[in-house]
Amino acid sequence: MQQAVNDRFAPISEATSGDYDDIMAVWEASVRATHGYLAAEDIDYYRICGREALPQIEVLRVYRTAAAVAGFYGVNGRHLELLFVSPACIGSGIGSALFDHAVTYCGIDSLEVNEQNPRARMFYERKGFRFSSRSETDPYGKPYPILTLVK
């Protein structure tokens, strides 16, 4: 069993500052594919905020394929801050591997998800997380409601 876990997590490694461009490329492609409710100027705003926030993420891990970074996650404390997968890899198991890695090695017990992203919410609920609270705005005060899910 331990070998199967290790094999599944083998493509996941610690991110370095040299990965930031790839991480942000995955983030932007994923957001454009899954967050159709965001205004273009908000994506531009979040791109800047996200790039500035990357060095402050306590645990930042990437999933590497032979071709490129295919996904990543970020954790502060026991809170999942970020989990994004390249659109070409959505549904391939990479998101589950990243999420399960964060649970296994970081003990995450909370996360936030945009209310307008029901596919992501369902993913997390299938992983055992449940609704805890709702905020009318995101952390930047923008009108995108945020749901907090807990273990």
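Cys106 is buried, at a relative accessible area of 17%. Buried here means under 20% relative accessible area, exposed means over 50%, and partly exposed lies in between (1.4 Å probe, protein chains only). Cys89 is also buried, with a value of 18%. A search of the whole structure finds zero disulfides. The criterion is a pair of cysteine sulfur atoms within 2.5 Å.

The model is predicted: local features need pLDDT of at least 70, side-chain atom pairs count only at pLDDT 80 or more, and totals for chains, interfaces and linings use all residues. Residues are numbered from 1 along each chain as its sequence is written, and side-chain values use heavy atoms, with hydrogens and water left out.

The protein chain contains five helices and seven strands. Both are DSSP runs numbered from the N terminus: helices are H or I with at least four residues, strands are E with at least two. Read from the N terminus, the order is α-β-α-α-β-β-β-α-β-α-β-β. The radius of gyration of the protein chain is 15 Å, close to the 15 Å given by the globule rule for 151 residues, so the chain is as compact as a globular protein of that length. The radius is taken over C-alpha atoms, and the rule is 2.2 Å times the number of residues to the power 0.38. Along the principal axes, the C-alpha atoms fill a box of roughly 45 × 30 × 25 Å.

Of the 151 residues in the protein chain, 42% are buried. Contact was defined as heavy atoms within 4.5 Å. Among contacts between residues at least 6 apart in sequence, 59% join residues at least 24 apart. The chain exposes about 7900 Å², and carbon and sulfur atoms supply 52% of this area. Areas come from the Shrake-Rupley method with a 1.4 Å probe; for residues, only the protein chains shown count as cover.

The chain carries 15 positive and 19 negative charges, whose mean positions are 6 Å apart. Lys and Arg count as positive, Asp and Glu as negative; His and the chain ends are not counted. Each charge is placed at NZ of Lys, CZ of Arg, CG of Asp or CD of Glu.

Asp100 sits in helix H4 (residues 94–106). Asp100 counts as buried, at 18% relative accessibility. Beyond its neighbours within four places in sequence, Asp100 is in contact with Arg8, Phe9 and Lys127.

Ala25 belongs to helix H2 (residues 20–34). Ala25 is partly exposed, at 48% relative accessibility. Ala25 and Arg47 are 22 residues apart in sequence; their C-alpha atoms are 9.5 Å apart in space.
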